[in-house]
Amino acid sequence: MGFPVRKFDAVIVGGGGAGLRAALQLSKSGLNCAVLSKVFPTRSHTVAAQGGISASLGNVQEDRWDWHMYDTVKGSDWLGDQDAIEFMCRAAPEAVIELEHMGMPFDRVESGKIYQRPFGGHTAEHGKRAVERACAVADRTGHAMLHTLYQQNVRANTQFFVEWTALDLIRNEDGDVVGVTAMEMETGDVYIFHAKAVMFATGGGGRIYASSTNAYMNTGDGLGICARAGIPLEDMEFWQFHPTGVAGAGVLITEGVRGEGGILLNADGERFMERYAPTVKDLASRDVVSRAMAMEIYEGRGCGKNKDHVLLKIDHIGAEKIMEKLPGIREISIQFAGIDPIKDPIPVVPTTHYMMGGIPTNYLGEVIVPQGDEYEVPVKGLYAAGECACASVHGANRLGTNSLLDLVVFGKSGGDSMIKFIREQDGWKPLPENAGELTRQRLERLDNQTDGENVDALRRELQRSVQLHAGVFRTDAILQEGVKQVMALAERVKKTEIKDKSKVWNTARIEALELDNLIEVAKATLVSAEARKESRGAHASDDHPERDDVNWMKHTLYHPLTNTLSYKPVHTKPLTVDYIEPAKRVY
């Protein structure tokens with residue numbers, strides 16, 4: 001069965017911040033660029049980012065890009081690649097000013113400059129004091145960014161395919177990427193998008209967990225597609241748990257709340273972060289705060305009837321400041337917790353939030369894979385940016401506000417790399433004879449399966465298993481059992497059945513295809529986590545409580561076709577400055 005073909009210079013899969021920033025570069029250069037998005041672009045998950053985008057503008061107090069770089073390296077627990085981190089932190093001020101010139105309505109200080117607030121892990125003078133570095137639009141920064149970038153793309157004539165989902169990668173006999181298959185969700189019709197270059201900007205895969213701040217659409221599509229095409233996934237053991245999700249709902253309460261003066265309290269009314277991070281207290285790095293909260297709950301100082309959460313108190317900063325700087329947070333608290341934070345503290349608990357690992361890339365946005373003794377051979381025609389990519393600037397733990405920065409810096413960088421690559425090509429490389437065959441087989445299996453597994457029930461079982469076996473605290477035994485369960489679930493995913501065989505707006509069909517992606521992300525997570533015998537950043541093992549730089553300062557590569565691991569060294573050589581030597585990570 002052949003699929004109809006559409007041709008574009010470039011295809012971007014994902015309409016969030018990274019995809020829109022890349023598309024803007026491509027469209028403004030005069031290339032024919034298509035963006036495939038499962039939702040209307042301004043509903044992409046970037047819209048949920050609340051607190052800010054980091055840049056060393058120094059608008060409130062002195063700041064420097066190398067201080068930002070130090071904080072990012074330290075935050076990464078020395079697993080971040082220092083060349084990519086330098087590239088990002090150097091580019092940050094220009095990236096924010098570009099957004100300002102596009103019309104992004106940043107909050108302002110009295111002088112008229114962009115407002116900046118403190119954020120967890122961001123310091124001046126290499127950790128001596130907290131610094132205001134997060135450029136914000138109240139508590140709706142991602143919302144403002146997404147609308148700004150979408151409007152710029154409309155102006156640049158980017159072509160959008162809204163409510164389309166990419167299914168599989170198309171590679172020729174040389175392994176070069178020449179397109180993707182994609183489904184129009186309304187009709188169920190499948191097309192081949194033939195392209196000179198493809199970028200994945202599909203966001204995270206947080207829906208492998210039962211409790212997550214991620215939207216339901218965050219099913220790791222780019223990772224699953226790459227995995228089925230034989231491309232390894234990097235550092236998938238590292239998942240960030242945001243300290244402050246609304247207890248019982250998982251909805252995000254931005255770190256900006258603590259940046260504005262919010263404090264965490266246990267059942268005794270104690271500001272417990274003073275014991276765990278005496279210098280910066282509630283503004284320590286996210287993994288540090290999450291583990292401190294988990295420890296308070298574990299040791300019986302949790303709040304509420306079940307003693308299963310702590311409290312985030314902000315009433316002391318005043319109603320006027322809350323209404324000006326945190327209006328969306330007040331709305332979320334009232335809606336999801338039944339609490340008005342002007343009067344009472346918000347019940348919060350650590351919740352899965354961000355994927356540090358992903359598709360391996362360099363700071364140019366090129367997807368890179370190991371080949372023989374060479375660790376970084378580009379896959380011709382394939383690029384990735386944003387949360388689905390691993391550059392790696394976040395290493396074992398991402399600093400708050402570096403996610404929005406990652407989107408625009410590497411979205412732009414990847415877009416520039418695609419322009420250069422496309423202009424060097426002599427027309428389109430031909431599609432292979434079996435183009436779309438994997439997609440055809442997957443769809444036929446769904447249509448022909450009888451007496452198979454229920455998609456919804458199987459997804460819930462997967463999420464419960466990952467939540468239980470790859471949480472805030474891990475042990476060898478728990479991870480080994482998790483690998484065993486996820487591998488068994490993977491076999492069952494091959495037998496999923498959809499009762500309704502129709503194509504038109506069949507959400508069960510879409511969910512079955514998404515489950516194929518979720519299981520790849522879950523396998524990579526559990527296998528990689530089980531193998532890492534240390535505690536580093538977001539990967540905290542009770543059996544191996546110390547960081548082991550001698551044996552484990554290296555990136556994990558999960559090879560999906562064989563369920564095996566290999567490793568590659570961390571980039572310890574920055575672009576222009578001295579290497580930041582590993583040190584004990586204290587705040």
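In these exercises, buried means under 20% relative accessible area, exposed means over 50%, and partly exposed is in between (1.4 Å probe, protein chains only). This is a predicted model, where local features need pLDDT of at least 70 and side-chain atom pairs count only at pLDDT 80 or more, while totals for chains, interfaces and linings use all residues. Residues are numbered from 1 along each chain as its sequence is written, and side-chain values use heavy atoms, with hydrogens and water left out.

**Exercise 1. Find the salt bridge between Arg440 and Glu444, and describe its surroundings.**

Step 1. Start with the term: a salt bridge is a side-chain nitrogen of Lys or Arg within 4 Å of a carboxyl oxygen of Asp or Glu. Side chains of opposite charge can pair when their charged atoms come close.

Step 2. Check the distance: the side chains of Arg440 and Glu444 meet at 2.9 Å, N to O.

Step 3. Helices (H or I, at least four residues) and strands (E, at least two) are DSSP runs, numbered from the N terminus. Arg440 and Glu444 are 4 residues apart in helix H12 (residues 437–448), so about one helical turn separates them.

Step 4. Look at accessibility: Arg440 is buried at 16%, whereas Glu444 is partly exposed at 35%.

**Exercise 2. Which parts of the chain does the salt bridge between Glu453 and Arg492 tie together?**

Step 1. Confirm the contact: the closest N and O atoms of Glu453 and Arg492 are 2.9 Å apart.

Step 2. Locate both ends: Glu453 belongs to strand S19 (residues 453–454) and Arg492 to helix H14 (residues 476–493), so the bridge ties together parts that are 39 residues apart in sequence.

Step 3. Widen the view: the whole structure holds 55 salt bridges.

**Exercise 3. Where does Asp77 lie, and is Asp77 buried or exposed?**

Step 1. Find Asp77 in the loop between helix H2 (65–75) and helix H3 (82–102).

Step 2. Read its accessibility: at 6%, Asp77 counts as buried.

Step 3. Check the backbone. Most residues other than glycine have a negative phi, and most peptide bonds are trans. Asp77 is not a glycine, yet its phi is positive, about 55°.

Step 4. Move on to Trp78, which sits in the loop between H2 and H3. Trp78 has a positive phi of about 60° although it is not a glycine, and at 2% relative accessibility it is buried.

Step 5. Return to charges: Asp77 takes part in a network of salt bridges whose members include Glu237, Asp287, Arg291 and Arg585.

**Exercise 4. Which residues of helix H10 are buried, and what do they pack against?**

Step 1. Within helix H10 (residues 327–337), the buried residues are Gly328, Ile329, Ile332 and Ser333.

Step 2. These residues cover an arc of only 135° around the axis, which puts them on the same side of H10. The arc is that of the directions from the helix axis to the C-beta atoms.

Step 3. Find the partners: the buried residues of H10 pack against strand S11 (239–246), helix H6 (256–259) and strand S14 (346–355). Contact here means heavy atoms within 4.5 Å.

**Exercise 5. What lines the largest cavity?**

Step 1. Grid points are joined across faces, edges and corners, and a volume is the space filled by probe spheres set on the points.

Step 2. Take the volume: the largest cavity has about 80 Å³.

Step 3. Of its 15 lining residues, the closest to the centre are Gly386, Ala389, Cys390, Ala391 and Asp406.

Step 4. Name the elements: strand S18 (389–390) and H11 each give at least two residues to this lining.

Step 5. Follow the chain from Ala391: a cis peptide bond joins Ala391 to Ser392, with omega about -5°. Ser392 is in the loop between S18 and H11.

Methods. On a 1 Å grid over the protein atoms alone, a cavity is a set of points where a 1.4 Å probe fits but cannot get out, and a pocket is an open set with protein on both sides within 12 Å along at least five of seven lines; lining residues have an atom within 4 Å of a point.
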